[in-house]
Amino acid sequence: MQNWENSQSRRQAFRALAGMLTASPALRAQLDPFRSHDRIPKLDELVTAIEFEPVFHAKLPRQVYNYTAYGTDGEFTLRRNRQAFDWVDLLPSLTAPSAKPATETELFGTKMPYPILVSPTAAHLALHPEGEAATRQGCTAANTTMIVSNVSSLPIEKIGAAATGPFWFQLYIKDDPALNRETLERAQNAGCRAVVCTIDQQASVYERELHDRNLTPVVTRRSSSREAPPRTPYRIREFRLFQDWKLFAELRKMVKVPMLAKGILTAEDAKLCLEHGLDGVYVSNHGGRSIDYGPSTLEVLPEIVEAVKGRVPVLFDSGVRCGSDVLKALALGANAVCLGRVPRWGLGAYGAPGVQRILEIMQAEFVKAMAATGRPALAAIDRSLVRTDFP
Ligand SMILES: Cc1cc2nc3c(=O)[nH]c(=O)nc-3n(C[C@H](O)[C@H](O)[C@H](O)COP(=O)(O)O)c2cc1C
């Protein structure tokens with residue numbers, strides 16, 4: 001056999017050397033920060049909200065990641081929340097170009113530079129050692145109203161004092177009126193400007209959580225004076241099944257600020273909100289964590305807006321991941337959009353600066369989407385900028 005047939009050519013030698021270099025962990029990490037977790041990108045390298053999720057995944061224990069990521073049962077609704085945005089097209093337009101569209105709005109007396117808020121989500125101490133205090137600081141830095149969860153890791157007084165920006169409070173209604181009164185009094189004394197009563201999530205079971213039950217429990221509170229509710233057979237959370245519209249008459253007397261119901265998915269329930277004196281309707285399926293095979297929020301939004309007829313503001317969440325998602329929800333009639341998992345990714349990955357940056361990314365993307373669709377102001381956003389193709 002000819003020697004030259006078997007021996008290495010110069011090209012092959014270079015290729016082998018290049019292969020060796022790219023296989024080196026140091027170089028590979030430079031090329032692809034997400035392939036392995038041995039290099040965490042710097043905060044200012046991230047330019048979309050979606051990019052934060054792998055960093056969040058890399059930095060946090062598996063059960064904490066899962067707790068944020070999962071949806072109820074087989075996660076049909078969780079997936080559908082995202083899919084629904086794919087069924088809405090944005091129509092570009094040159095009719096009213098504006099590089100700096102006017103995005104300011106006001107909700108219940110709270111002035112906001114963008115129609116974007118942070119949804120209430122539980123137990124931020126599992127994500128970051130400063131918990132909700134850091135979330136609130138990030139929100140204030142990004143001029144964003146935070147809705148503080150009833151099941152926060154820190155006491156409401158501490159969260160309220162952690163920064164100066166406006167915040168609202170979310171209540172999980174209890175069947176003991178004294179408990180509701182105490183919780184609402186504390187939240188209002190701490191300075192909350194609105195109260196959001198969450199009425200969904202009656203009986204959720206998370207299949208993904210079942211896989212985590214043998215992992216070490218994660219600390220979600222500094223101190224807890226109350227016992228966690230007992231786990232019931234088959235894990236139906238009976239502690240919320242007493243809820244009834246009539247409760248709002250009682251709650252109304254305890255709340256001096258505007259009050260909304262969160263978890264509305266039908267036109268009938270939206271009308272009941274108005275009948276029971278609520279000041280706002282918050283369309284949400286708890287980010288796919290309430291009832292599986294419930295509808296996506298984007299699909300039901302138009303019929304709810306139609307039922308409300310502009311009498312009270314309509315808020316929207318579940319599935320929002322970028323600025324054009326915000327625009328789509330506004331085009332279908334929402335007055336403002338809230339973000340659940342997105343700020344959690346920012347907090348878990350980088351603390352308060354991560355919350356600030358991820359919110360500012362969403363704001364900038366929203367501005368870009370408004371400009372691309374030729375909408376110089378929020379008032380110019382209407383149904384004509386989208387084409388929907390819901391199945
Ligand atoms: C980990 C996690 C915890 C949550 N905790 C609460 C809560 O304490 N109170 C509440 O009303 N909603 C809670 N939600 C629902 C959010 O307020 C919001 O409706 C949902 O996250 C929106 O969907 P998105 O995550 O796709 O944006 C939680 C959601 C997640 C993901």
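**Entry 1**

I began with Ala123, which lies in the loop between E4 and helix H7 (131–141). Helices here are DSSP runs of H or I with at least four residues, strands are runs of E with at least two, and both are numbered from the N terminus. Phi of Ala123 is near 55 degrees, a positive value in a residue other than glycine. Is Ala123 buried or exposed? Ala123 is buried, because its relative accessible area is 9%. Buried stands for under 20% relative accessible area, exposed for over 50%, and partly exposed for what lies in between (1.4 Å probe, protein chains only).

**Entry 1: ground rules**

I noted that this is a predicted model, in which local features need pLDDT of at least 70 and side-chain atom pairs count only at pLDDT 80 or more, while totals for chains, interfaces and linings use all residues. Residues are numbered from 1 along each chain as its sequence is written, and side-chain values use heavy atoms, with hydrogens and water left out.

**Entry 2: the whole chain**

I looked up the overall make-up next. The protein chain has 16 helices and 12 strands. Of its 391 residues, 50% count as buried. I also checked contacts, meaning heavy atoms within 4.5 Å. Among contacts in the protein chain with a separation of 6 or more, 72% join residues 24 or more positions apart.

**Entry 3: strand E11**

I turned to E11 (residues 336–339), which is covered on both faces. Ala336 and Cys338 are buried on one side, and Val337 and Leu339 are buried on the other.

Right-handed means that, with the strands pointing away from the viewer, the path from the first strand over the helix to the second runs clockwise.

**Entry 4: strand E7**

Strand E7 (residues 195–198) also has both faces covered. Val195 and Cys197 are buried on one side, with Val196 and Thr198 buried on the other. Strand E6 (residues 167–172) pairs with E7 in the parallel sense over 4 bridges, and Tyr172 stands opposite Thr198. E7 also pairs with strand E8 (residues 259–264), in the parallel sense over 4 bridges; there Cys197 stands opposite Ala261. I found a right-handed β-α-β unit here too, made by E6, helix H9 (residues 177–190) and E7.

**Entry 5: an enclosed space**

I asked how many cavities of 30 Å³ or more a search of the whole structure finds. The search finds 2. A cavity is a set of points, on a 1 Å grid over the protein atoms alone, where a 1.4 Å probe fits but cannot get out; lining residues have an atom within 4 Å of a point. Points are joined across faces, edges and corners, and the volume is the space filled by probe spheres set on them.

The second largest cavity holds about 30 Å³ of space. Its lining includes Val118, His124, Glu132 and Ser152. Strand E5 (residues 146–148) gives the most to this lining, with 3 residues. I sorted the lining residues into 5 nonpolar, 5 polar and 1 charged. In that count, Ala, Val, Leu, Ile, Met, Phe, Trp, Tyr, Cys and Pro are nonpolar, Asp, Glu, Lys and Arg are charged, and the others, Gly among them, are polar.

Asp73 lies in the loop between helix H5 (62–69) and helix H6 (76–86). Its phi is near 50 degrees, a positive value in a residue other than glycine. Asp73 counts as partly exposed, at 32% relative accessibility.

My last stop was Thr48, in the loop between helix H3 (25–31) and helix H4 (52–59). Leaving aside neighbours within four places in sequence, Thr48 is in contact with Ile361 and Glu365. Thr48 and Glu365 are 317 residues apart along the chain, yet their C-alpha atoms are separated by 8.7 Å.

Key. On a 1 Å grid over the protein atoms alone, a cavity is a set of points where a 1.4 Å probe fits but cannot get out, and a pocket is an open set with protein on both sides within 12 Å along at least five of seven lines; lining residues have an atom within 4 Å of a point. Two strands pair if DSSP finds at least two bridges between them.
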